[in-house]
Amino acid sequence: MSNILWQRLGAASGIVFILVLLAPDLIQGGPSEEPTMTAAEAMAQSCAITTAAQLTDAIYPITHILGYLFFLFFLGSLWSALRRAEGADGWLSAAAFGGGLASFAIKFASGAFGVAASRNACAGIDPQLWQVLQDMNNASFFLSFLPLAVLPAASAVVAIRFGAPLPRWLGWMSAVVAVALLVDGMAGTLYARDFAPSFLLFMLWILAASIALVRRAGVSHSAVSNAAATPPSVAP
């Protein structure tokens, strides 16, 4: 397998990440809107789903796990591309990789709270304790935005400075995504929220970055930077 094709496979993992993550909503026509319930009512509903589990009930957790595994492949591909553009002595590529990895770890670790709540919904657990476990899971999701913001922030600096591996316009978009994740992460950590608009923007950024990396696979970063920096010649 050629090196260019190998690079494109890694870069395309970002596209697969988005498709797998959104697959249940695309198939089922969007997430269902649940009415406001008390902790006891929500726990009873969780118990009913657990005891009469259908195949469709496993779609969301399974696809989210698979999606984030593809995110790891994309993260490695982006780190490699950033490192080639920045140089062996650069540290921003490592910061981007570390931010994405830390966010991934928080996201997966927080899933244990949701699993514990689901497993104990029928075991007579106190509804308030059950709600605390759910709130910890939700808060951890927003908490993961804080290290995740380092990923687009570091990518923005490299892209704007070198014009590679991402185009400069996508570098500026990366800066916007980083700020949005920081603001949304702090707000969601401090106050209970269910909607995360910055994560939708982040997924759009992943899609754009993945496409850009696929198209630029095998292209010399020095050639990309020179082409971006050199103005077009005008014929006399």
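These legends go with close-up views of a predicted model.

Local features are taken where pLDDT is at least 70, side-chain atom pairs count only at pLDDT 80 or more, and totals for chains, interfaces and linings use all residues. Residues are numbered from 1 along each chain as its sequence is written, and side-chain values use heavy atoms, leaving out hydrogens and water.

View A. A cavity here is a set of points on a 1 Å grid over the protein atoms alone where a 1.4 Å probe fits but cannot get out, and lining residues have an atom within 4 Å of a point. The largest cavity holds about 80 Å³, a volume being the space filled by probe spheres set on the points, which are joined across faces, edges and corners. Look for Tyr-68, Phe-71, Ser-103, Phe-104, Lys-107, Phe-141, Ser-144, Phe-145, Leu-148, Phe-199 and Phe-202 around this space. Helices H3 (59-86), H4 (92-119), H6 (145-148) and H9 (197-215) each put at least two residues into the lining, and H4 gives the most, with three. Helices are DSSP runs (H or I, at least four residues), numbered from the N terminus. Sorted by class, the lining has eight nonpolar, two polar and one charged residues. Nonpolar covers Ala, Val, Leu, Ile, Met, Phe, Trp, Tyr, Cys and Pro; charged covers Asp, Glu, Lys and Arg; the others, Gly among them, are polar.

**View B. Helix H5 against helix H8.** H5 (residues 127-143) and H8 (residues 168-190) pack at about 160 degrees with their axes 7 Å apart. Axes are lines fitted to C-alpha atoms over the stretch in contact, and angles run from 0 to 180 degrees between N-to-C directions. H5 and H8 are therefore roughly antiparallel, a label for angles over 145 degrees. Their crossing is left-handed, so the near helix is turned anticlockwise from the far one by less than a right angle. On the H5 side, Ala-139, Phe-142 and Leu-143 meet Asp-184, Gly-185, Gly-188 and Thr-189 of H8, where contact means heavy atoms within 4.5 Å.

View C. Zoom in on the peptide bond from Ala-164 to Pro-165 and you'll find it is cis, with omega near -5 degrees. Most peptide bonds are trans. Pro-165 sits in the loop between H7 (150-162) and H8. The axes of H7 and H8 come within 8 Å and cross at roughly 155 degrees, which makes H7 roughly antiparallel to H8. This crossing, too, is left-handed. Contact residues include Ala-153, Ala-156 and Ile-160 of H7, with Trp-172, Ala-175 and Leu-181 among those from H8. In total the contact has eleven nonpolar, two polar and two charged residues.

**View D. Helix H4 alongside helix H7.** Here the axes of H4 and H7 come within 7 Å, crossing at roughly 160 degrees, and that makes the two roughly antiparallel. H4 passes H7 in a left-handed crossing. From H4, Leu-92, Ala-95, Ala-96, Gly-99 and Gly-100 touch Val-150, Leu-151, Ala-154, Ser-155, Val-157 and Val-158 of H7. This contact splits into eight nonpolar, three polar and no charged residues.

Methods
1 Å grid on protein atoms, 1.4 Å probe; cavity = no way out; pocket = protein on both sides within 12 Å on 5 of 7 lines; lining within 4 Å. Parallel < 35°, antiparallel > 145°, perpendicular 65-115°, else oblique.
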